[in-house]
Structure formats: C-alpha cells, structure tokens
Amino acid sequence: MRTALIVLAALTAAVVVDLVSGVLIRRAGHGRYRWLLEPLQHACGRPAAAVLPVGALYFALPPGPAEWQRYLRHTVLLVLIALSSWLVIRTLHVAETVSFSKLPSDLVTNRRIRRARTQIRPVRRLTVAVVTVVAIGLILITFRPVRLAGISILTSAGVIGAVIGLSARTALGNAFAGIQIAFADGMHVGDVLVVDGEWGRVEEVKLTNVVIRLWDDRVLILPTTYFTERPFQNWTRNEFRVLGKIQVHVDHTADLDDLRREASRLVESSPLWDRDQWALQMVDATPQTVVIQVQASAADGASAWDLRCELREGLVRYLRDHHPQWLPRTRSQYQP
C-alpha cells in the first residue's frame with residue numbers, strides 16, 4: 001500500500017508539474033525568458049514527467065528478500081538510468097538550439113558568429129556521446145557478473161585491450177581532430193577553402209568529418225584528421241573578401257597600357273567587383289610570350305570566381321577582335 005501511494009503521488013506530481021509549467025510558460029509569453037522556457041517545456045516535458053514516477057517507484061520499492069522484488073527493482077533502476085540520460089540529451093539539444101537562435105544570421109560579416117557556430121555543434125555532440133557512454137557504463141555496473149568480467153578483462157587481458165584500442169584509433173582520432181578544429185580557429189562554418197585544387201564553402205563541421213559544398217554544388221566530405229595533417233587554403237579566415245586573379249599569355253609586342261585601359265573598363269563595369277582594389281601586371285616572360293596577370297577583389301569566393309571568368313573572357317575577346325597581332329605567335333627565322 002505504501003508503494004502504491006508513493007507511485008500514485010509521483011504520477012500526480014508529474015501531471016501537476018507538466019500542467020503548471022505549461023501554464024507558467026503561456027503566462028510568460030511576453031516575458032524575457034520565453035526563448036528558454038518554451039523550448040525546454042516542449043523538448044524536456046515528457047522525459048521529466050517520466051523520470052518523476054520512475055524515480056519514485058525505485059525509491060519506494062523495498063529491496064525485499066523475494067527474487068522477483070530484486071528483479072523488479074533492478075529493472076526500474078535500468079529504466080531510470082535510461083530516462084535520465086534521455087532527459088540530459090534533450091536538454092543538451094535545447095541548449096544548442098537556443099544558442100543558435102541567439103546568434104545573428106549574418107554569417108558573412110561577423111567572424112565571431114561563424115566561430116561560435118563552428119564550436120557549439122561539436123561540443124554538443126561530444127557531450128551527448130559522453131552522456132551515452134556514462135549511461136551504458138552505469139547500466140553495466142548494475143549487473144554484477146558483467147562488472148566482474150569487465151574488471152577481469154581490463155586487468156589481465158591486455159591483448160583484448162590493445163585490439164580494441166587499435167580498432168577505435170581512427171574514430172577517436174577523428175573525434176579529437178574535430179574538437180581541435182572547433183577550437184584551433186583555423187576554419188569556421190561558412191569559410192571558403194581550397195582543398196586539393198577544389199574550392200568550396202564549409203557547410204558543416206561535424207565531430208568526425210567536415211562537409212564542403214564545392215563551387216559546382218558537389219559535396220566533398222573529408223575526415224577531420226585531413227585538416228590537422230595536411231595544409232589547406234582558407235580564403236576567408238579573417239574576412240570574406242577574396243582577391244581573384246587571372247593570367248593571359250600575349251605576344252611581346254602587346255601594349256600593356258592599352259591592355260590596362262581595357263582591363264580597367266572591364267573591372268569597373270562589372271557588378272561583381274567590390275570597388276576595393278585591382279591591378280594589371282606583367283608577372284612573367286618566356287621566349288615566346290609574356291604573362292599578364294589581372295587581380296581584382298570581390299565580396300566572396302563565388303563572386304571572385306565569376307569575376308575571374310568574366311575578366312578572362314573580356315580580355316580574350318578584346319585581343320581577338322581589336323589586336324589579333326598581340327595573340328601568342330611562334331616565330332621562325334629562315335637562313336639560306
């Protein structure tokens with residue numbers, strides 16, 4: 001009778017807590033803490049309402065000499081551990097969602113926002129993994145034979161431990177690399193990277209891999225250890241402005257002042273140029289041609305790519321239509 005009364009009181013308390021919390025959140029609809037209370041109530045209401053009666057049932061059940069009483073109390077303890085871990089995991093998800101909602105959505109101009117978005121998600125995933133592992137460990141500890149067997153394996157069977165360590169080395173390495181990327185400040189979500197000759201924007205930084213959306217909408221997924229072991233280019237680490245450049249081979253007789261005037265017209269008439277800087281220079285000379293390089297800045301990586309294509313097309317068209325004699329030529333000299 002005592003156990004039944006305690007369980008009934010716990011169920012009643014769970015229902016009352018759920019109803020009262022809902023009423024309080026609706027009353028605080030215009031309050032300053034609605035952004036936190038409402039997601040908590042929606043995400044954690046059911047786990048919290050389940051933890052209360054199960055916890056009360058576990059503490060109300062006497063150990064008892066009967067075997068069925070011990071099995072019942074053990075089962076209730078396992079359910080209580082699982083429900084508690086579920087509640088903690090849902091709370092971590094709410095913390096991540098609330099953190100993202102408090103950050104402005106302007107990723108282009110604010111580097112601190114991009115860094116915060118890069119760090120929050122791996123930390124939440126790592127904490128969820130830790131909570132899951134702790135819950136599994138607590139469940140295994142409740143089984144005496146498994147606990148004794150685990151202690152025996154850890155103390156005497158080093159070979160099994162070595163095999164497990166080798167099998168988990170890659171996964172653990174990627175996980176630690178993900179944490180290192182999140183806090184090393186080398187790249188953030190939204191940065192433009194050049195990896196193995198391909199450039200794209202960082203779409204997501206996970207615990208074990210990084211998702212990059214390439215310029216042609218392909219998706220490149222790389223393990224996090226790639227970015228800790230190999231060099232890569234980050235065009236937008238400090239700012240999103242990108243300086244694009246093109247190179248054109250022309251004949252030695254080409255007039256650079258004329259080409260510079262045409263390049264100036266092309267750059268200044270393009271809406272992709274951010275009105276910051278541009279230049280035309282001779283960067284190399286070979287026995288057959290000279291190499292002309294045009295540099296122009298754009299607001300971001302995608303605009304810089306389109307601006308480069310536009311400038312290259314415009315200069316080649318100008319050479320072909322107005323000065324074909326400046327196109328690369330191969331000269332030969334006949335000696336009788």
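Predicted model: local features only at pLDDT ≥ 70, side-chain atom pairs only at ≥ 80, totals over all residues.
Buried here means under 20% relative accessible area.

**The chain overall**

- Take the contacts between residues at least 6 apart in sequence: 63% of them join residues at least 24 apart.
- The protein chain has an accessible surface of about 20500 Å², and carbon and sulfur atoms account for 62% of that.

**How α9 and α10 pack**

- Two packed helices are described by the angle between their axes and the distance between the axes.
- For helix α9 (residues 256-269) and α10, the axes come within 10 Å and cross at roughly 135°. That angle makes α9 oblique to α10.
- As for handedness, the crossing of α9 and α10 is right-handed.
- On the α9 side, the residues that meet α10 are Asp258, Leu259, Glu262, Ala263, Leu266 and Val267. Their counterparts in α10 are Glu310, Leu311, Gly314, Leu315, Tyr318 and Leu319.

- Asp258 sits in helix α9 and counts as buried, because its relative accessibility is 14% and the cut-off is under 20%.
- Setting aside neighbours within four places in sequence, Asp258 is in contact with Tyr318, His323 and Trp326.
- His323 belongs to the segment after α10 (301-322). With a relative accessible area of 16%, His323 is buried too.
- Not counting residues up to four places away in sequence, His323 touches Asp258 and Tyr318.
- There's also a polar contact between the side chains of His323 and Tyr318, at 3.3 Å.

**Positive phi away from glycine**

- Most residues other than glycine have a negative phi. Here are two that go the other way.
- Asp196 isn't a glycine, yet has a positive phi of about 55°. You'll find Asp196 in the loop between β1 (192-195) and β2 (198-205), and with a relative accessible area of 63% it is exposed.
- Arg275, also not a glycine, has a positive phi of about 65°. Arg275 is placed in strand β7 (residues 273-285), and at 49% relative accessibility it counts as partly exposed.

Note on methods: Residues numbered from 1 in each chain as written. Heavy atoms only, no water. Contact = heavy atoms within 4.5 Å. Areas by Shrake-Rupley, 256 points an atom, 1.4 Å probe, with all protein chains shown as cover. Helix = DSSP H or I, 4+ residues; strand = E, 2+ residues; numbered from the N terminus. Buried < 20%, exposed > 50% of the residue type's maximum accessible area, 1.4 Å probe, protein only. Polar contact = N/O pair within 3.5 Å; in protein donor to acceptor, adjacent residues only side chain to side chain. Axes fitted to C-alpha atoms, helices over the stretch in contact; angles between N-to-C directions. Parallel < 35°, antiparallel > 145°, perpendicular 65-115°, else oblique. Left-handed = near helix turned anticlockwise from the far one by under 90°.
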